[in-house]
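Subject: Structure handover

Dear colleague,

Please find the structure below, with the sequence alongside. My notes on what was found in it follow.

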Amino acid sequence: QPNFQYMRFHSTYAPQFGAVWDWSTQPVTSFYNYCDFTNVSSGTAGAGITLYHWLQNADITNCNFQQSKQDSIFPCYIYVYSSESIIKIIKCKFDLPYNNSIGERYGGNNITVSNNDFPTD
């Protein structure tokens, strides 16, 4: 049950799955609170956090996502690579638009995105 608080992920590169590959063989709840993801990159989607298991539960709150490289069509920061999951993304700051910041592979997830800061055009 990952519980990341006040962590800083800076200048990372992963060929797949990003700075944090949140994977488990059983349903768990992950917490990311006041984390900073700066200049993170990946060869695939989810350069910051990839939530990668069935029935994933995650609370991502008060986190900052900035200066990542958007070299492809993949969502850059948070990627839900699971199904039937409950994801809450609340009070986070992104420097890329929503569609470039958050995405999912399958559908059928309950993703709540509220009180976040995304850039406006």
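Arg8 is exposed, because its relative accessible area is 57%; exposed means over 50%, buried under 20% and partly exposed in between, with a 1.4 Å probe and protein chains only. This is a predicted model, in which local features need pLDDT of at least 70 and side-chain atom pairs count only at pLDDT 80 or more, while totals for chains, interfaces and linings use all residues. Residues are numbered from 1 along each chain as its sequence is written, and side-chain values use heavy atoms, with hydrogens and water left out.

Salt bridge and the sheet around it

The side chain of Arg8 forms a salt bridge with that of Asp36, at 3.4 Å from N to O. The rule asks for a side-chain nitrogen of Lys or Arg within 4 Å of a carboxyl oxygen of Asp or Glu, and by it the count comes to 1 salt bridge. Arg8 is in strand β2 and Asp36 in strand β6, so the pair ties together parts that are 28 residues apart in sequence. Strands here are DSSP runs of E, at least two residues long, numbered from the N terminus. Asp36 counts as buried, because its relative accessible area is 16%.

The two residues also stand opposite each other in the strand pairing, Arg8 facing Asp36 in β6. β2 and β6 run parallel and are joined by 3 bridges; two strands pair if DSSP finds at least two bridges between them. Both belong to an open sheet of 4 strands, in the order β2-β6-β10-β13, with parallel pairing. Its edge strands are β2 and β13 (93-94), each of which pairs on one side only.

Aromatic pairs

The structure holds 18 aromatic pairs. Rings of Phe, Tyr and Trp (its six-membered ring) pair if their centres lie within 6.5 Å; planes under 30 degrees apart are called stacked, over 60 edge-to-face, and the rest tilted. Phe9 and Phe37 are a stacked pair, because their ring centres are 4.7 Å apart and their planes at 10 degrees. This pair links distant parts of the chain, with Phe9 in strand β2 (residues 8-10) and Phe37 in strand β6 (residues 36-38), 28 residues apart. Both Phe9 and Phe37 are buried.

Phe17 and Tyr81 form an edge-to-face pair, 6.5 Å centre to centre with 90 degrees between the planes. Phe17 is in the loop between β3 (13-14) and β4 (20-22), and Tyr81 in the loop between β11 and β12, so the pair ties together parts that are 64 residues apart in sequence. Phe17 counts as buried at 16% relative accessibility, and Tyr81 as partly exposed at 23%. Ring pairs also link a cluster made up of Phe4, Phe9, Tyr32, Phe37, Phe65, Tyr77, Phe94, Tyr98 and Phe118.

Leaving aside residues up to four places away in sequence, Ile60 touches Tyr32, Ile49, Leu51, Phe65, Ile78, Lys88, Ile89, Ile90 and Cys92, where contact means heavy atoms within 4.5 Å.

β12 has Ile87 and Ile89 on its covered face, and Ile86, Lys88 and Ile90 on the uncovered one. It runs parallel to β9, with 5 bridges between them; Ala58 has Ile87 in β12 as its bridge partner. β12 also pairs in the parallel sense with strand β15 (residues 110-114), over 5 bridges, and Asn110 in β15 is the bridge partner of Ile86.

Positive phi

Most residues other than glycine have a negative phi. Ser11, in the loop between β2 and β3, has a positive phi of about 55 degrees. Ser11 is partly exposed, with a relative accessible area of 40%. Asn115, in the segment after β15, also has a positive phi, near 55 degrees. Asn115 is exposed, at a relative accessible area of 63%.

Regards
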